[in-house]
Amino acid sequence: MAMAFKMATEGMSVKEECQRSFMEMKWKKVHRYIVYKIDEGSRAVMVDKVGGPGEGYEDLAASLPIDDCRYAVFDFDFVTVDKCQKSKIFFITWSPAASRIRAKMLYATSKQGLRRVLEGVHYEVQATDPTEMGFDVIRERAK
């Protein structure tokens, strides 16, 4: 147990592909969302899934496992009341109730390491079930 706690409190390294895919999403708009996972074997945060520009928020929500934790970033495009096209990037921490306690600990302690690499995130959402990260929540936060 002491080994698991020590590993969890140290956090994980972040693979270079995480920042590269984020920059592609942010500047080139080639991705709509990115899902990240922690690989306990290599002790690193890595890209799990990338959503193409034609995919939407429903695709992101469907790609998150119901029994394991993940991080995700979503590029939310919207039109303001002034008819201006805007884009806001959301960072989502997904920790469903059905996930292992060890996974919840690893994701909680490793989040800041990934956040430091992802420059330009506007909002953060923490969710334990789909209702906490519904599209209406995202739309309301972006206003």
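**Salt bridges in a predicted model**

Arg20 and Glu16 sit four residues apart in helix 2 (residues 16-28), so about one helical turn separates them. Helices here are DSSP runs of H or I with at least four residues, strands are runs of E with at least two, and both are numbered from the N terminus. This is a predicted model, where local features need pLDDT of at least 70, side-chain atom pairs count only at pLDDT 80 or more, and totals for chains, interfaces and linings use all residues. Residues are numbered from 1 along each chain as its sequence is written, and side-chain values use heavy atoms, leaving out hydrogens and water.

**The overall count**
- Side chains of opposite charge can pair when their charged atoms come close.
- A search of the whole structure finds ten salt bridges (a side-chain nitrogen of Lys or Arg within 4 Å of a carboxyl oxygen of Asp or Glu).

**Within helix 2**
- Arg20 forms a salt bridge with Glu16, and their closest N and O atoms are 2.3 Å apart.
- Arg20 is partly exposed, at 42% relative accessibility (buried is under 20% relative accessible area, exposed over 50%, partly exposed in between, with a 1.4 Å probe and protein chains only).

**Between strands**
- Arg70 pairs with Asp48 in a salt bridge, with the closest N and O atoms 3.0 Å apart.
- Arg70 belongs to strand 4 (residues 70-79) and Asp48 to strand 3 (residues 44-51), so this pair ties together parts 22 residues apart in sequence.
- Arg70 is buried, at 10%, whereas Asp48 is partly exposed, at 32%.

**Another pair and a network**
- Glu55 and Lys49 meet in a salt bridge, at 4.0 Å from N to O.
- Glu55 is partly exposed at 25%, and Lys49 is partly exposed at 30%.
- A network of salt bridges links Glu40, Arg100 and Arg102.
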